[in-house]
Amino acid sequence: MSTRQKILVGIAGTILILLIVGAGTTYYLVTKSFPMNSGTEKVQGLLSGVQVYRDTYGVPHIYAASDHDGYFTVGYVHAQERLWQMELVRRAGMGRLSEILGSSALPADKMFRTLGLWRLAKRNAGLLDPQVRSAVQAYADGVNAFIESHRGEYPIEFDMLKFEPEPWTIEHSLVISRLMAWELNFSRWTDILMGVLVQKFGEERAREVFPNWPAGAPFILPKEGKRKGTILFPTQLMQADVSYRRLMGISDISSGSNAWAISGAKTMSGKPIVANDPHLVLMAPGRWYELHLNTPDVDVAGPSIAGVPFVVIGRNEHIAWGVTSAMMDDADYYVEEVDSVQYPTKYRFNNEWRPMIQYVDTIVVKDSLPIVYTSYWTHHGPIVNRIESNARFSPQLISMRWTGNDPSDEARTFYLINRARNWDEFKEALKSFGSPAQNFVYGDVDGNIGYYTGGKLPIRTVNSAIVPLAGNTGQFEWKGYVPFEKMPQRFDPPEGFIATANNKIIDDSYPYYISNTWEPPWRAMRINEVLNSQDKFSVEDVQRLQLDLVSLQARELVPIILKAFDSVDVRNEDIRTALTYFRTWNFEMTRNDVATTLFEDFFLRTIHNTFDDEFGGQLIGLYDTLATMPMTIITELLQKDSSAWFDDITTPRTETKNEIIRKSLEDAVNDLKGLLGGELKEWQWGRLHKIEFKHIFSANSLLRPIFDIGPYAVGGSHSTIWKGDFSLNQPYANTVGPSTRQIFDLADMNNTRAVTPPGESGQVFYKHYSDQVQLWLQGEYRRMPMQRDVIERLCRDVLSLEPAR
């Protein structure tokens, strides 16, 4: 062999060795944190032995001899599967993301330091009932037992960002709960948006593009003066919130959920069925972690939130429950009169000066110098238009009053619900629930069903501020909260079911203002339509209803589209074909449907053709942050005979509604030709409408294919029960949908149907990272048994945790 050949062989061998070593190192870094599911582990802190059975999807069934060991083990298995997610979310609530992510996280950290979620968590920790505190402390001890015993074996994200998790505390669980309340708060956005619309267009025109609940649409509970202020808006709060959401992969403020309870009188089994599918941002890992916990005092199963010890949606031996957002207006803004806008020390209230509360924080920033940050508070709440340094030029300071800043005890609520045996105990649990306001749907083994609005509802002197209120008088102060007994509620209604889809809770005869913003009515109308359509329902019927893709919005609008083409000579063959699809459509938005593609693109073109000329890019972007709002408004406008909004002010003539409809369908066909090509019959909805479960590393083009899951073709839209939201700025990218589907059969503890995408684990490449995605896409379910003999027969993986002596 020549010297040249020897050199080449040596180089090739060296490269091969480096590749093998690199692959081996990568494999080790990825797999070292994979959880141990079978065998025996010695764990410091346990009082007795615990058995953890895991089914074929990794869902744990925990059997413990005491509550302490049960909640300890919940913490341990959460940390096994979701430690990275728990670390990320607690840091977000504490305002400490910049320590690991760098300066890109500074706006989010400043916002959460301003809001004081961590201070509130520490305050609420001191108010916990002894039993609840013991449970949350046992949970924290379980998390810490895992952290301590698995040093050097943390998920790969810790290695990539070069840090280790800190010990877990009670306060970390509470701050995660309050962070979710913030993410589900809609009213802070709607108040600002309505104010901006009023400022630009005047109140009368602004109300045309702000949704109202339609006459005749269902309520959850069937029927039985201008404010003073200055038009100044805390847009910095919105900008910081948008920055946080983009950082975390949360695209917009869209949310929602479906939940219903069917009484035994309307089921095949004679026992109630409770169904719930909360609509949240679909991400990797997912929001929920399903589990079953059995101790001598509690036997409960359902989705939990990683970082919090209790089941949030679920069932026990006696009851089942589900939740949807109540869409409550739980925030107001106030213009504060201060001694100095730049360096405030005092603010005026009721003709006296009060000291401005100041909090000085140091924000550690990765690869940069630390930031000293000062936030300010009045008795209303935090000043929210000083989040960035250029806020010093704001002519006035604005504070935010939010129910989430008041003490409450959601931990107690779910601790008690998890072990509630009847309607009275369920209601007692809800008394301590504060934020985010939720619609609670209930059923029990005795055949009863019920509904209660849980959360703090402010009592206001006037309703719905569209501009920040004068904060220097007592005129616009909240007058406390609506007494719990007077909150909307219902028990065993004669129609035999209760349904909520974020629709208006009760009619205007209710003496207290709740909200002026609700999700569009189509999901609620469709659920009510189906539940009224037959006398008896099985669990399989309820599954079909959760998967329903019929769009009542399309059913309403297609006749209007067709009418716009009456007596019009349509020469374009593609337009004629599109109209034929509409005429023969059954309004099911399946992923293989062509009419859905035409309708949804038409709908987007109509929004732009109607609003772009007057809104402009910046305002249409703000409008789009509340994702379903433009969808709702354009539907309302199209149902009118005419509206000035259809006129394009950039042209000399006056356009009509029918002209905009015709133009929008033509634009849609041309747009789809460019996007999909080929023949119109090939334009299936799933070719455009796709879901991708995104990881926080998704913004990195190299890491995205490793950590993200998808994309996958999916059906549905903002108007279907199987919700498939997308926004104007990212058309057709389905970001919000059923984050879990749960069906609780109160006739059989072993017949719970469930699917929770993408999977139980947050560990990339682990078998349970994405193994429920195909079930979810195909409309299939797992069984979640609760009887031990059934569990032992079905579960092959058994982990025994023994006390370390």
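## Basis and terms

Two strands pair if DSSP finds at least two bridges between them; strands (E, at least two residues) are DSSP runs, numbered from the N terminus. The model is predicted, so local features need pLDDT of at least 70 and side-chain atom pairs count only at pLDDT 80 or more, while totals for chains, interfaces and linings use all residues. Residues are numbered from 1 along each chain as its sequence is written, and side-chain values use heavy atoms, with hydrogens and water left out.

## Strand β9 and its partners

Strand β8 (residues 314-316) runs antiparallel to β9, joined to it by 2 bridges. G314 has W321 of β9 as its bridge partner, and a hairpin of 2 residues links β8 to β9.

β9 also pairs with strand β16 (residues 438-444), in the antiparallel sense and over 7 bridges. Here A320 is opposite G443 of β16.

## Burial of β9

Because 7 of the 7 residues of β9 (residues 319-325) are buried, the strand is largely enclosed by the rest of the structure. Buried means under 20% relative accessible area (1.4 Å probe, protein chains only).

In a regular strand, side chains alternate between the two faces of the sheet. In β9, I319, W321, V323 and S325 are buried on one side, and A320, G322 and T324 are buried on the other.

## Nonpolar cores

A nonpolar core is a set of buried Ala, Val, Leu, Ile, Met, Phe, Trp, Tyr and Cys residues joined through side-chain atoms within 4.5 Å. The largest has 228 residues, and F582, F599 and F611 have the most contacts inside it. Another core, of 7 residues, lies apart from it and includes V338, Y347, Y376 and L397.

How values were computed:
Buried < 20%, exposed > 50% of the residue type's maximum accessible area, 1.4 Å probe, protein only. Helix = DSSP H or I, 4+ residues; strand = E, 2+ residues; numbered from the N terminus.
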